[in-house]
Amino acid sequence: MSQEYTLSSTATADTSASAPLLQIRNLEVGFKTQRGFVPAVRGVDLTLHAGKTLAIVGESGSGKSTTAQAIINLLPGAGQVTGGQILFEGKDLTKLSSSAMQNVRGREIGYVPQDPMSNLNPVWNIGFQVEEAIKANGVAQGRAARTRTIEVLKEAGLRDAEDRLKQYPHQFSGGMRQRVLIGIGLSSRPKLLIADEPTSALDVTVQRTILDHLETLTRDFGTSVLFITHDLGLAVERAEQLVVMYKGRVVEAGPSAEILANPMHPYTQKLVAAAPSLASRRIQSARRPETTDHLDISSVGAADDRLIARADARESGTHQDLIRVSNVSKVYNIRKGGFKTDQLKAVDDVSFAIPKGTTMALVGESGSGKSTVAKLVLQLESVTSGSITFDDRDVAGLRGKELLNFRRRVQPVFQDPYGSLDPMYSVGNTIAEPLVAHGVGDRPSRQARVRELLDQVALPASTVNRYPNELSGGQRQRIAIARALALKPDVIVLDEAVSALDVLVQGQILNLITDLQAELGLTYLFITHDLAVVRLVADSVCVMQKGRIVESASTDDVFDNPRQAYTQKLLEAIPGAHFQFGR
Amino acid sequence: MPSNTVPSAGHYVADLDETPVAAVDQVDETQKARSTWSDAWDSMRKRPMFWISAVLILVIVAVAAFPGLFSHTDPARGCLLPNSNGAPEAGHIFGFTRQGCDVFARVVYGAQASLTVGLLATAIVTVVGLVIGALAGYYGGLLDSIVSRIGDIFFAIPTVLGAIVLMSVLPVREPWTVALVLAVFAWPQVARITRGAVLSARNADYVTASVALGVSRFRILVRHVVPNAITPVIVVATTSLGTFIVAEATLSFLGIGLPPSIMSWGNDIGQARVSVATAPMVLFYPAAALSLTVLSFLMLGDVVRDALDPKARARR
Amino acid sequence: MLWYIGRRLLQLIPVFFGATFLIYFMVFSLPGDPIAALFGDRPPAPGVIEAIREQYNLDEPFIVQYFLYIGGILTGDFGTTYSGRPVWDLLVQAFPITFRLAMLALAFEAIAGILVGLIAGLRKGRLFDASALVVSLLLISVPTFVLGFVLQYFLAVEFSLFRTTAGPGAPIQDLVLPALVLASVSFAYIVRLTRASVADNIGADFVRTATAKGLPRRRVVTVHVLRNSLIPVVTFLGVDVGNLMVGAIVTEGIFNINGVGGTVYQAVIRGEGPTVVSFVAVMVIVYMLANLLVDLLYALLDPRIRYAK
């Protein structure tokens, strides 16, 4: 696979002689806010040649989406281009009148947005929304427009397009909606397609199918593509050229393969080092008690040279299963029209065990039932059949004091760092809440414990008086972890705990939980959709599909020697799975 | 730099001095801590509309509480028929009504009834609606079904329409009965809004987290769910205070609200109607007082909503 | 869609019985003699009391009274007025007038309100928006009856632009001024609602995508922003029918229009309890039906509702 990229990087040299399709020079974009003018893009340069693909990579807040939106002037009300040029086939787009820009949009530059759920108008049917794009760009009118609509949708991979024209967005799955949006973006055969995180909201397998399809289409039509993505693996796999953005600036740009193999800017180096891939190894705790160096990102990932024989230590210890899940099923009754109810088997005969002090990862795509398992283990829902034991006691019948005791020893960290902390609660109160609920200690001792916990998750003590809305996603997730640690539990259930975070922050949190495990002897149930992350933290893996566990083995076995076709497909789908990232 | 290979011509690397790489995810300790409430207060006090409405409301409340401080004329006595619809004169700056009473004094003393009805009705509706809506939304199930269906029934009768019927058969007409009658038909609105807000707060991740942490169900309701669901209720309460005052005036105007023996703006407007052609100002003053009061509460409601609206906050 | 209509109708039944029961209960089971309460300080002629006792079956147990009353309503017998005329006869005469007035007011508040709200929402923070907000606040804070008096005095009495009171049969030109008065508060609410909703939707992802498709701005605004923004406005129209009814009582009273509202106004002023109760019961029923209609309109606008099972 890597040979492809060598090929494409040499191809760039040939085309550099021709005039570029898109050339951005010294672009400055800012937003007017109540706190004054905030620059978002600061002097960005990039060049894209006809028929080529370029990816802008960056974390949230890097200005990558703003750059893309500035090209066809889709900036929200408060945003404006304050300097520089955007040359498209030689004409400066920043100087165009609004009606001239309208002719560029759709017709010459297509756009595929990020979130398929919110980018189609819920009150108009699919056919209408595709057809209006076709008509507005003068591709076809009247009856021909309808025929073209069906064609466009079929091209985008909607096989039964004729029958689905009259359906509404809410009747489509996320993947289907994204196909519709890609169809709209390409409907007038634009010379350039801007794809702003086109598949970030989708499952990996769906993502791969859709990106493959997009690649075929743009190659056939000769469309240039500008990808915007946070995923380095995806960028390298899909684009010949890479532009890395950080805090509104371009920090590094060049051929993908070269940047991947030889990142020059320290930020790019960090990004490359943190990008989880199948080639990664499990993070080993490198914590030295007297320093906080462990939070430095350089210790993430392949650190082969620092492999400490912790795995051996784990293996030599006696395996006592702390949590045992045996033949557990969960059935929901779904109310349908009328008085009918449908039964949905969310979890189907699932069994696994987690030895004390280890991490088990539960992997699956959306709808696989993995989060339901988390709720069952946490006793937030009751099992329909089967049993869950904790410390050799069945947890199903726990009531009152026993349940409270169980909760004290099994704590959760949830996915959404924006949703799992009460916005009205200060950080101090949030972390102290489990202590209060379980009646642990008095006020001063709780305060001391809160400070200790903040230190453990490497946050300054002054954070106690802050509120969640002032903190970043990663900081919130560290607070959620501190809260989970407050009662010194034995088990922490991490439900997609790092999925919403930028890659560097994600690496930092993964390091943190690994260190905490080593230090406190914690047992983790790690639930995620992201196999690449699993390799960094898990000792064993269960792969779930449609409520069932399809494969269950040690992490190395699953990655090096997957036995089930579904697991193989999942592994294949990870963007940039097989690249050896330069470290 | 770990690299010793020379980058190709197309490989650009920014000058490190221009974009120093910050430590990952550091807490900015320079900003002061901000809770939702202090945030809301900060945004409110920057708005002139907040100060205008707040000062107006304070003045109106003071007038209603201590009318004697603002008018030396006793409006009930000293109504002299020779003064009927008389022009303003010294000591009687608003002139006289048809009955020869001092308009200024009547406007001052009328504030009490209007404000009592408004405040009382709002208080009842908010407390009842909040409790019922919160319990129904939080505990769900049968309780929710029953409460929602009963609410639907009351909701099907427009507030003032229901009040017209009930007031026309009620023997006791006092500010508190008017407030009670209005509240009887108005509580479902607050209950519905609370229920919706509680329902979405109940399903929030932080509630699930609290359950899993071992926090008791009732404590979660009181400490997490209600504080997060209270915003729309505050907004509705502020705005509906104004509409209750209008409703009372409408009822009094129809002659089934407060009796003529209790001074109220609604009554005065109704009575001034007959002589609107000859003495329009007699109608104007109580009407202006009424409108100004309602306007103050509406403006306050708007400011509060803007300050507490999470969408508006996010935009800031 | 059919399922949706069916379910809505089904839900209406308990509400119908509940609401009529509530009104009936309030009037006839409060402590004291309901007859005395209904007539206030003016005792009616002895014959009337007997007629009322018979009409409301006051000698039967309460629950029987209620069901006899409901039976009457369902067979078109809405009772008699204070003077002994069947309510139905009055209703047939008065309803078309009020309907005309309400439609005129509804048309005005909906068209003008949505238009002003749309422009204000598109120009959020500019002069037009600020003025629209101030005017709407003022309109809401001036009670309908005050505005009625003021407009009647200035436009009809002083400048003779309109007739002070509606002529017999209430021809449409005599209803223009009352309709404006009736619509004023709701107009202000619609402006505010549309404005907020437009300002919300203008930043929606699908609007940005529509722009990216190359659609002209006019089309983006009308097809994508406006239609979505109308959904909360339509919901408000349902509640608003109730406001219009109360407003009609006041407005028809002031302008002396012999519609349903005017009849209730006269009855309230004269203390004719039975007439008030009979007519208000009818108004509540109309209100419920109007809300059913609004729900259907809502489903037409929002396919997510239509297809929800």
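Let us start with Lys488(A), which counts as exposed because 12 C-beta neighbours lie inside 10 Å. The rule behind that word places C-beta atoms from the backbone and looks within 10 Å of a residue's own: 20 or more others make it buried, 12 or fewer exposed, and anything in between partly exposed. This is a predicted model, in which local features need pLDDT of at least 70 and side-chain atom pairs count only at pLDDT 80 or more, while totals for chains, interfaces and linings use all residues. Residues are numbered from 1 along each chain as its sequence is written, and chains are lettered from A and ligands numbered from 1 in the order in which they are written.

Where does Lys488(A) lie? You will find Lys488(A) in the loop between α17 (473–485) and β17 (491–495) of chain A. Helices (H or I, at least four residues) and strands (E, at least two) are DSSP runs, numbered from the N terminus. Although Lys488(A) is not a glycine, its phi is positive, at about 50 degrees.

Asp391(A) also has a positive phi, near 55 degrees, and is a residue other than glycine. Asp391(A) sits in the loop between β14 (385–390) and β15 (393–394) of chain A. Because Asp391(A) has 16 C-beta neighbours inside 10 Å, it counts as partly exposed.

Now let us turn to the places where chains meet. Two residues are in contact if their C-beta atoms, placed from the backbone, lie within 7 Å. Between chains B and A, the contact takes 38 residues from chain B and 53 residues from chain A. On the chain B side, β1 (12–13), α8 (205–213) and α9 (217–254) each give two or more residues.

Strand β10 (residues 249–255) of chain A pairs with β1(B) in the antiparallel sense over two bridges, where pairing needs at least two bridges found by DSSP. Look for Glu252(A), which stands opposite Val13(B) in β1(B).

Chain C touches chain A too, and that contact takes 22 residues from chain C and 26 residues from chain A. In chain C, the elements giving two or more residues are α9 (205–212), α10 (217–254) and α13 (303–307). Six residues, the largest share of this side, come from α9(C). The side of chain C divides into nine nonpolar, six polar and seven charged residues.

Terms used:
Nonpolar A, V, L, I, M, F, W, Y, C, P; charged D, E, K, R; others polar.
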